[in-house]
Amino acid sequence: MKIRLPWTSRAPRSRWTKARTLTDLGNLTAAWLEGEIVHHPGYQGGGPDPETTPLVPVLAHLNRLGFVTANSQPGHAPTTGWDGATYVQRAAVDGWTDDPEIRGAFIQLARGHDLHVVLHDPGTRSDRMRIPATLRNGDPVTWFGHPYRPEDINHAWPGTHSAARSALTRASHITLTDTTWGPSPRLWDALRNALDDTVANWLHGTRSR
């Protein structure tokens, strides 16, 4: 008898296989973040990491507005890891959009709140602009801001329809990170306020049709 773990249920997997557009992927990612579905193609386990829980309202809103998030993290003060090394991380988020107005809003957000922004147009392959996001004993061990090549997207979104993966390859990939290390609220407060005010109003009322 085969034992099927919760995250391998066919029902949530089938929802991902039906996705064709960035809107589809964004809505499903939001549903996964909020616990409505337990499977995400890029994750082996169930829901997002515990450190993501406070970020879920912002991330879900971003996904539903047209920014499909890939990775995110809060800033963490220096802590001792399982290996005895000291780790520190800065707040960061990245994802894709095919909406030029969202792209422009993120650039303005970075300029107005002293954030790093890395923008990769479709087809970019160079990772010279990547930003260290986690330090181990002072040395970078993880980065944000690298471009996703088609083969990277295929690896990160296994089991999704080719049309959905093609939509990602045709979209701009954007990264925002805090400029400071540790538990700075700058990035997530800026996103939260923008969603509550400027971006939400602009997307729902004043954006061009």
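Predicted model: local features only at pLDDT ≥ 70, side-chain atom pairs only at ≥ 80, totals over all residues.
1. Tyr87 stands opposite Arg136 of strand 6. Strand 3, covering residues 86-89, and strand 6, covering residues 131-136, pair in the antiparallel sense, and three bridges join them.

2. These two strands belong to an open sheet of four strands, in which the order is 2-3-6-7 and the pairing is antiparallel. At its edges lie strand 2 (76-80) and strand 7 (139-144), each of which pairs on one side only. On average, neighbouring strands of this sheet are turned by 25° against each other, direction ignored. As a general point for the student, strands of a sheet pair through backbone hydrogen bonds, either parallel or antiparallel.

3. What is the strand order of the other open sheet described here, also with four strands and antiparallel pairing? The order is 1-4-8-5. Strand 1 (68-73) and strand 5 (115-120) each have a single partner strand, so one side of each is left without a neighbour in the sheet. The twist from one strand to the next averages 10°.

4. Within this second sheet, strand 5 pairs with strand 8 (residues 172-178) in the antiparallel sense over six bridges. His116 has Thr177 of strand 8 as its bridge partner.

5. Attention may now pass to the helices. The axes of helix 4 (residues 100-113) and helix 7 (residues 186-196) come within 11 Å and cross at roughly 130°. Helix 4 is therefore oblique to helix 7. The crossing of the two helices is right-handed.

6. Which residues of helix 4 and helix 7 make the contact? Helix 4 contributes Phe106, Leu109 and His113, while helix 7 contributes Arg186, Ala190, Leu191 and Ala194. By class, the residues of this contact divide into five nonpolar, one polar and one charged.

7. Two loop residues deserve a separate remark. Asp114 lies in the loop between helix 4 and strand 5. Although Asp114 is not a glycine, its phi is positive, at about 55°. Is Asp114 buried or partly exposed? Its relative accessible area is 48%, so Asp114 is partly exposed.

8. Asn137 is found in the loop between strand 6 and strand 7. Asn137 is likewise not a glycine, yet has a positive phi of about 50°.

Definitions and conventions: Residues numbered from 1 in each chain as written. Heavy atoms only, no water. Pairing = 2+ DSSP bridges. Axes fitted to C-alpha atoms, helices over the stretch in contact; angles between N-to-C directions. Parallel < 35°, antiparallel > 145°, perpendicular 65-115°, else oblique. Left-handed = near helix turned anticlockwise from the far one by under 90°. Contact = heavy atoms within 4.5 Å. Nonpolar A, V, L, I, M, F, W, Y, C, P; charged D, E, K, R; others polar. Buried < 20%, exposed > 50% of the residue type's maximum accessible area, 1.4 Å probe, protein only.
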